[in-house]
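Dear colleague,

Please find below the structure that I am passing on to you.

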Amino acid sequence: MSNIYFNDFEIQALTLALIEKTFTKKFRKLNISDLKTFIPDKVFKACLETVKDIKNDYKLFLNDPNFLVRFIIHVNNLFDRVKFSKQETEDTMLTGLALQYPFIYDLSLYTAEDLSKHLNISISYTETTYLLLHFGSYLISRKQNLINTVIITVNYYNNADSLLTSLSKHFGDDISISEIKTNFSNEDINSKLILTTEDNIDVKDNNYVVKITPFLTDTDVIKIKKMINKIRHDVQTDKIIKLIGIS
């Protein structure tokens with residue numbers, strides 16, 4: 001047998017790595033309530049508080065159960081790792097990713113700071129990089145399935161934040177709101193779906209438009225759902241037509 005010696009730090013790091021790999025493989029079989037059996041209550045609550053803070057400050061609803069399970073497991077392992085990590089200089093990978101994905105970079109810094117506050121720990125640059133990769137993987141994957149959406153409203157300063165929050169809550173898994181426009185010109189609209197509080201807007205033929213009220217109502221929600229279903233149907237039909245070669 002080889003005379004290989006592992007110090008306490010290396011043994012702990014290897015143990016945590018094996019635990020993380022095991023949990024990651026099994027996360028699809030877990031739900032939020034299952035996590036309470038092995039995730040410390042302090043970590044569990046900190047994760048939910050951070051997700052709530054992200055919703056309030058970024059208008060980003062991370063309420064997908066699959067995301068929450070993976071995020072809580074990730075933070076639990078992070079919490080264990082920081083006990084053994086050392087102070088370090090800034091991660092060059094983090095700097096590079098910041099240039100490529102500025103929003104996700106900012107979100108990861110915010111999350112690291114928020115978790116640090118809730119858990120009373122110091123999160124390293126390396127762990128912040130891991131958070132960025134975690135968010136990036138989820139958000140980029142989700143965005144590929146979302147419908148690009150623009151909101152048109154002249155009452156931006158009065159109701160746009162409320163409207164954005166309501167839309168994200170109801171359609172966070174269906175649409176990606178790329179812009180809120182107060183001065184409308186159809187030449188600069190590059191979006192599949194347009195949600196507008198204004199009457200008689202002139203748009204391109206390939207735009208899908210839903211007229212909504214300044215404060216989202218149940219009727220608005222139903223109208224948007226129907227349009228989302230129509231868009232998905234039309235996109236799927238176009239794919240089939242291209243596949244079988246019908247001009």
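The model is predicted: local features need pLDDT of at least 70 and side-chain atom pairs count only at pLDDT 80 or more, while totals for chains, interfaces and linings use all residues. Residues are numbered from 1 along each chain as its sequence is written, and side-chain values use heavy atoms, with hydrogens and water left out. Helices (H or I, at least four residues) and strands (E, at least two) are DSSP runs, numbered from the N terminus.

The sheet

Four strands form an open sheet in the order E2-E1-E3-E4, and their pairing is parallel; two strands pair if DSSP finds at least two bridges between them. At the edges are strand E2 (175-181) and strand E4 (208-211), each of which pairs on one side only. From one strand to the next the twist averages 25 degrees.

Strand E1 (residues 147-152) pairs with E2 in the parallel sense over six bridges. Ile-147 has Ile-175 of E2 as its bridge partner, and Ile-152 has Lys-181 of E2. E1 also runs parallel to E3, to which four bridges join it; here the bridge partner of Val-150 is Ile-194. Five of the six residues of E1 are buried, so this strand is largely enclosed by the rest of the structure. Buried means under 20% relative accessible area, exposed over 50%, and partly exposed in between (1.4 Å probe, protein chains only).

Helix H9 (residues 218-244) lies across E1, E2, strand E3 (193-196) and E4, and runs at about 175 degrees to E4. Axes are lines fitted to C-alpha atoms, for helices over the stretch in contact, and angles run from 0 to 180 degrees between N-to-C directions. Contact means heavy atoms within 4.5 Å.

The expected span of a helix is 1.5 Å times one less than its number of residues. For the 17 residues of helix H4 (residues 65-81) this gives 24 Å, and the end C-alpha atoms are 24 Å apart, which agrees. Of these 17 residues of H4, 14 are buried, so the helix is largely enclosed by the rest of the structure.

H4 packs against helix H6 (residues 102-119) at an angle of about 65 degrees, with the axes 12 Å apart. Phe-71, Val-75 and Phe-79 of H4 make the contact with Thr-111, Leu-115 and Leu-119 of H6. These contact residues divide into five nonpolar, one polar and no charged. Ala, Val, Leu, Ile, Met, Phe, Trp, Tyr, Cys and Pro count as nonpolar, Asp, Glu, Lys and Arg as charged, and the others, Gly among them, as polar.

The buried residues of H6 include Leu-107, Tyr-110, Asp-114 and Leu-119. Among the elements covering the buried residues of H6 are H3, H4 and helix H7 (125-143). After H6 comes Asn-120, whose phi is positive, near 55 degrees.

The loop residue Phe-38

Phe-38 is in the loop between helix H2 (32-35) and helix H3 (41-58). Its relative accessibility is 28%, so Phe-38 counts as partly exposed. Phe-38 and Ile-73 are 35 residues apart in sequence and 9.6 Å apart in space, C-alpha to C-alpha.

With kind regards
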